[in-house]
Amino acid sequence: MTSILTNNGAMVALQTLSSINNNLTETQNQISTGKEVGSAKDNSAIWAISKVMESDVAGFEAVSDSLSLGESTVAVATAGAEQITELLTQMKEKVVAATGENVDHAKLEADVNELKAQITSVIGASQFNGANLLNTAGGDITVLASLDRDASGAVTASNITVSSVDFEASLVLTTVDMSDATTAEASIDDIETLIQTAVDGAAALGASASRIEKQNDFVSKVTTAMKSGIGSLVDTNMEEASARLKALQTQQQLGVQALSIANSAPETLQQLFR
């Protein structure tokens, strides 16, 4: 039955065109924003997962900053410890030379005193942002290393503790005496002990620096992987979106044409009354 009051064909065509326009608007938004899931209404489950992952990424970026700060602090301390080892080696040369009888002990002792002063200066200067791992006041440092999320969603922080080597207390330079050959010879064992203490301290700091560096590299890779994962969940596949946009534009043109045809159908009824 044909009715001049109800145009079923036009209503169907209008509904189809409206659906096409909605899909076209959604596709255009995805292309313009670059995100297929831009809000919770697009896909609530994926959106929720992506937001949790984004918060973890922000946390890992802060962890990376903490690790970089810790790495710099330990690097400064390591450089100081290595320099002190070299100064003690130079001091050993002076001590060994002073064991001879026909030497100027006063000048050698003056040289050693300068080296002692330099060691004290290096200990005091080996600080980064106020943290010093070579003196007594500095103490240990704790570096935030990771944020671990378990299956229930609970997050715990993991830390790396770098112990102070405290050269200020462990390197007792007063035991080295070069006033004469006898005291110089007795100081050889003392200088060997000091060198070994400095070497052990530098090695410990180097090991900590290596661990922090590796952890920072790991956190960087995890952050990159998580960003890639978030992108695969919410980003728009531009190739698919482009093809879909072209198809919807074609459907829109056909829908407009179909609606125009449906709207003109009642005009044929005029022929029945001629």
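This is a predicted model: local features need pLDDT of at least 70, side-chain atom pairs count only at pLDDT 80 or more; totals for chains, interfaces and linings use all residues.
**View 1. The largest pocket and its lining.**
The space in the largest pocket comes to about 150 Å³. Its lining holds no nonpolar residues; five are polar and five are charged. Glu26, Asn29, Gln30 and Thr33 belong to the lining, and so do Lys35, Glu36, Gly38, Ser39, Lys41 and Asp42.

**View 2. The largest cavity.**
One cavity of 30 Å³ or more turns up in a search of the whole structure. The largest cavity has a volume of about 30 Å³. Around it stand Lys35, Val37, Gly38, Trp47, Ser50, Lys51, Glu54 and Val234. Helix H2 contributes the most to this lining, with four residues. By type, the lining of the largest cavity splits into three nonpolar, two polar and three charged residues.

**View 3. Thr236, in the loop between H5 and H6.**
Thr236 sits in the loop that lies between H5 and helix H6 (238-264). Is Thr236 buried or exposed? Thr236 counts as buried because its relative accessible area is 11%, under the 20% cut-off. Leaving out residues up to four places away in sequence, Thr236 touches Gln30, Gly34, Lys35, Glu36 and Ala241. Thr236 and Gln127 are 109 residues apart in sequence, with 48 Å from C-alpha to C-alpha.

**View 4. Thr27 in helix H1.**
Thr27 is placed in helix H1 (residues 8-33). With a relative accessible area of 3%, Thr27 is buried. Which residues is Thr27 in contact with, leaving aside its neighbours within four places in sequence? They are Ala241, Arg244, Leu245 and Leu248. Ala241 is also touched by Thr236.

**View 5. The largest nonpolar core.**
This core has 48 residues. Ile84, Leu88, Met91, Leu134, Phe167 and Leu205 have the most contacts inside it. Two or more residues come from each of helix H2 (44-98), helix H3 (105-125), strand E3 (141-149), strand E4 (155-162) and helix H5 (181-234). H2 gives the most to this core, with 14 residues. In soluble globular proteins, nonpolar side chains tend to be buried together.

**View 6. Ile84 and its contacts.**
Neighbours within four places in sequence are left aside here. Ile84 is in contact with Ile119, Val122, Ile123, Leu134, Phe167, Leu171 and Ala198. Of these, Leu134 and Phe167 are, like Ile84, among the residues with the most contacts inside the largest nonpolar core. Apart from that core lies another, of five residues, including Ala10, Ala13, Leu259 and Ala262.

**View 7. The E3-E4 hairpin.**
Strands E3 and E4 run antiparallel and are joined by eight bridges. They form a hairpin, with five residues between them. In the turn, Gly153 has a positive phi of about 95°. Leu147 stands opposite Ala157 in E4.

**View 8. Ser64 in helix H2.**
Ser64 has its place in helix H2. Not counting residues up to four places away in sequence, Ser64 touches Asn216 and Val219. Between Ser64 and Thr268 there are 204 residues in sequence and 75 Å in space, C-alpha to C-alpha.

Methods: Residues are numbered from 1 along each chain as its sequence is written. Side-chain values use heavy atoms; hydrogens and water are left out. A nonpolar core is a set of buried Ala, Val, Leu, Ile, Met, Phe, Trp, Tyr and Cys residues joined through side-chain atoms within 4.5 Å. Buried means under 20% relative accessible area, exposed over 50%, partly exposed in between (1.4 Å probe, protein chains only). Contact means heavy atoms within 4.5 Å. On a 1 Å grid over the protein atoms alone, a cavity is a set of points where a 1.4 Å probe fits but cannot get out, and a pocket is an open set with protein on both sides within 12 Å along at least five of seven lines; lining residues have an atom within 4 Å of a point. Grid points are joined across faces, edges and corners, and a volume is the space filled by probe spheres set on the points. Ala, Val, Leu, Ile, Met, Phe, Trp, Tyr, Cys and Pro count as nonpolar, Asp, Glu, Lys and Arg as charged, and the others, Gly among them, as polar. Two strands pair if DSSP finds at least two bridges between them.
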